[in-house]
There are 2 protein chains.
Amino acid sequence: MTPQSEDFSAWYNELVAKAGLVDRGPVKGTMVIRPYGYRMWELLQAELDGRIKETGHENAYFPMLIPESYLKREAEHVEGFAPELAVVTHAGGKELDEPLVVRPTSETVIGEMMSKWISSHRDLPLLLNQWANVVRWELRPRTFLRTTEFLWQEGHTAHAGEDDAMRETMLALDLYDDVATNLAALPVVPGEKTPGERFAGAARTFTIEGMMRDGRALQAGTSHYMGTNFARAFDIQYTGEEGRLEYCHTTSWGMTTRMIGAVVMTHGDDKGLVLPPRLAPHQVVIVPVGRDAAEVMPAAVELAASLRTAGVRVHVDDRTHLSPGFKFNDWEMRGVPVRLELGPRDLAAGTAVMARRLGDHPKEPVPLDRLPGMITGVLDDFQAYLLRRATEFRDANTATVDDWDSFASAVSTGWARALHCGVPACEDEIKAETKATPRCVPLNAPEETGECVRCHRPSAYGKRVIFARAY
Amino acid sequence: MTPQSEDFSAWYNELVAKAGLVDRGPVKGTMVIRPYGYRMWELLQAELDGRIKETGHENAYFPMLIPESYLKREAEHVEGFAPELAVVTHAGGKELDEPLVVRPTSETVIGEMMSKWISSHRDLPLLLNQWANVVRWELRPRTFLRTTEFLWQEGHTAHAGEDDAMRETMLALDLYDDVATNLAALPVVPGEKTPGERFAGAARTFTIEGMMRDGRALQAGTSHYMGTNFARAFDIQYTGEEGRLEYCHTTSWGMTTRMIGAVVMTHGDDKGLVLPPRLAPHQVVIVPVGRDAAEVMPAAVELAASLRTAGVRVHVDDRTHLSPGFKFNDWEMRGVPVRLELGPRDLAAGTAVMARRLGDHPKEPVPLDRLPGMITGVLDDFQAYLLRRATEFRDANTATVDDWDSFASAVSTGWARALHCGVPACEDEIKAETKATPRCVPLNAPEETGECVRCHRPSAYGKRVIFARAY
Ligand SMILES: [Zn+2]
Ligand SMILES: [Zn+2]
């Protein structure tokens, strides 16, 4: 496998295939998500879905094929998505009267339904979520990060006023921050997008941004306050308590299968994947070792059962045609947090040898009867270790800069925290020269004003902006 | 609402909309699955997914857009699906070199990947499942039963030999039988399809058939043994233990959102839905009653919490602008198995009034402190009652017939069990005259031979066949 330091992109593409996360689909830019990758998505999905339901949202399902005319009702929306649309022109053996687009996102069809379902203030807030596939034709596809088809959830909500809609927008961002930080061990930075980076049709766009191990930024989830833009385009109105007809304020927010790519690029190394235990299909792998590996299989199975009872996802590698050494490398490459080696001598001593995928702990023998009681703690420590390591990496590669040379140097390897004028032409110049774009205005940054790092005009936003090259 | 007896089809269409299960999508034949309907799907999905995983299958995800040429590789497959395809001809602002079809099912793209992933007998069996949307252009759409887009799971497996593949085919059928019978309370009949009713490209097709309350049959799940048809078309080969190259034997099996329609049509009545507790979004609804309903809200919330602790899905109807009478009708229409009425007088007496959606139990006061301990039993009894009632209905409307007049009479109101010659032309005549088709050769029917009920030629299949008009 190509080392990370030599060619990060080659390392990534080789690893996601070799580790069995994905395969190439037959159509350019599409991917097959294989069981090992799909299981990570299911684990993330279950946790995120639980949080979405706990906060009062209900799941629903809207049709994938949308009349082309719907897209055109919100001017910025169609402008943003038109170049990426896949269009169904024939169906049932005939040419269709109106072409249908495969949803790139569902604001329009959900807006149309909301206008039917909402009439009174009593119908608000309307809090919906959908798990679905979407299609956006990608010119420069990259596995998980930008694929022609991807999986996601999209929350869509309608509210009586701006305050309530903004609370919802921030609540969704908080859910994403929680999931990214505490499940994927991504120390993301929540912030607001600058106007040039907003979602097509949104009044305000918020994001969580993570730093990959090549120093680039990855947008890992977004939450949009739409104002009344879609409500006006789709006539989503309600009668208020005083009987006046008012437009709803709407939001939408999404998290996608790109999260799997983010995990690979945040934690992986030259040996392969490193998976955070909370998203690992197998948290522990048991590898029988020694000349007579078959002899220890019953004990391995028994140990697995006792760990499963302790709530751990365990896999016993019972392949007989492969050597223990091959298996060690294989599971390291596939990022399993903890490996337990069990041979006849270990068994006689009542122990197994525990090896962690990363960290300062050496391999060590552990009494079999202590394992079920300690394993959750070991996994929690490993999860915390990954988050700490990624946080340190992010902070070590983020520079607060006030002059152009430092800026250019910072964004060539990581992130720059800089003051910026907010003028689109100045953003464009920065991008042309360094490939860096404004990733977000961090929510928790201190207030600060001064001169633009590029053009020396007075700074906008009242805070420093994070600039980086992005995926 | 139109009564069932007057116009079953109108009753169904009005009910699924009024109960909040669905709404019409903007494109003909598509549906929006609203939260109340989608929750039923989620509950079924969770149970079926658990069973699929327990039996060794892994979930994966394959691209939705399939090159048109893939469909053409298996002759019967393309013939069966060509008339129903939706075709993407333009994407990314350009006309595509090769049109892409939106998957009507995924045998072809999964076959292509299996041929890459399988090389040795050690790679077998390969047991995959996918949860996805599919599109089949419907000329006569009907909500849930035949919609242009629907949701389903599709299992796809590859095996070293026919025996193993047939075991898998029957295992999947058993999962469907279990889910239909024990979750949806549908007393389905498992059986084999006659050759004319097989899946396009299958060697053998098995089905579970349910009887709706208008006497028609509904196919509620199918499991196909493909022989080596797809393996030959997609070159899915493995090297056996003796080093010979062999074709795999493959299977596929699917269950869809039409199950929700089956539940509506099997249990519903003129008052509305009747939901089996295991698939009911709300198993129990608590309705505060009396002049000062607000006064009992805290007690209602407390009761709900204690029932939730007992593992029950409970909803408190806290709408203040609607009368208790309206709410009773509303929840009856929406099919909630158990309603608990709680008023100031009940509260003073330490009881709630329990009303079941169906059955011989009268409304009765129940001590509040006994409710958490008894509610699971009440729901289990209700579940069993629905299955018993549907079984009795099915049996009362199934006739064993040996002459044409009795056959024609039986299929005008229900099912006929008849001997048939197995000749396609004879099937066609029966269909032309009565609209009835062979639904299945039941697995558990006794062996029996004789004359064809229609043409008096010797019977085929060695058993009676179920004929019915079908959805
Ligand atoms: Zn500037
Ligand atoms: Zn005949």
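Start by selecting domain 1 and domain 2 of chain A: the count between them is 0 salt bridges, a salt bridge being a side-chain nitrogen of Lys or Arg within 4 Å of a carboxyl oxygen of Asp or Glu. Before you go on, keep in mind that this is a predicted model, where local features need pLDDT of at least 70 and side-chain atom pairs count only at pLDDT 80 or more, while totals for chains, interfaces and linings use all residues. Residues are numbered from 1 along each chain as its sequence is written, chains are lettered from A and ligands numbered from 1 in the order in which they are written, and side-chain values use heavy atoms, with hydrogens and water left out.

**Stop 1: the domains of chain A**

Colour residues 8-267 as domain 1, 282-378 as domain 2 and 398-468 as domain 3; these bounds come from an automatic or database domain assignment. The C-alpha centres of domains 1 and 2 of chain A lie 40 Å apart. Where they meet, 5 residues of domain 1 are in contact with 5 residues of domain 2, contact meaning heavy atoms within 4.5 Å.

The area buried between these two domains is about 550 Å², with carbon and sulfur atoms giving 59% of it. Buried area is the accessible area (1.4 Å probe) that two parts lose on being put together, summed over both. Now pick A:Ala19, A:Tyr36 and A:Leu43: this trio supplies 69% of the area that domain 1 buries against domain 2, more than any other three residues.

There are also 2 residue pairs in polar contact between domains 1 and 2 of chain A (both at pLDDT 80 or more). A polar contact is a pair of N or O atoms within 3.5 Å; within protein, one must be able to donate a hydrogen and the other to accept it, and residues adjacent in sequence count only if both atoms are side-chain atoms.

**Stop 2: where the chains meet**

Show chains A and B together. Here 52 residues of chain A are in contact with 52 residues of chain B, and the buried area is about 4300 Å², 66% of it from carbon and sulfur atoms.

How many salt bridges are counted between chain A and chain B? The count is 4. For a salt bridge to zoom in on, select A:Glu42 and B:Lys53, whose closest N and O atoms are 3.2 Å apart.

Next, select residues 86-91 in both chains. This is strand β5 of each chain, and 5 bridges join the two β5 strands, which run antiparallel. Strands are DSSP runs (E, at least two residues) and helices are DSSP runs too (H or I, at least four), numbered from the N terminus; two strands pair if DSSP finds at least two bridges between them. Look across from A:Ala86 and you'll find B:Ala91 opposite.

**Stop 3**

Go to A:Pro125, in the loop between α5 (107-117) and β7 (126-135) of chain A. The peptide bond from A:Leu124 to A:Pro125 is cis, with omega near -5°. Hop over to chain B, where the bond from B:Leu124 to B:Pro125 is cis with omega near -10°.

Then pick A:Asp235, which has a positive phi of about 60° although it is not a glycine.

**Stop 4: a sheet in chain B**

Finish with an open sheet of 11 strands with mixed pairing, in the order β3-β7-β8-β14-β11-β10-β9-β22-β23-β21-β20. Its edge strands, β3 (58-59) and β20 (398-400), each pair on one side only.
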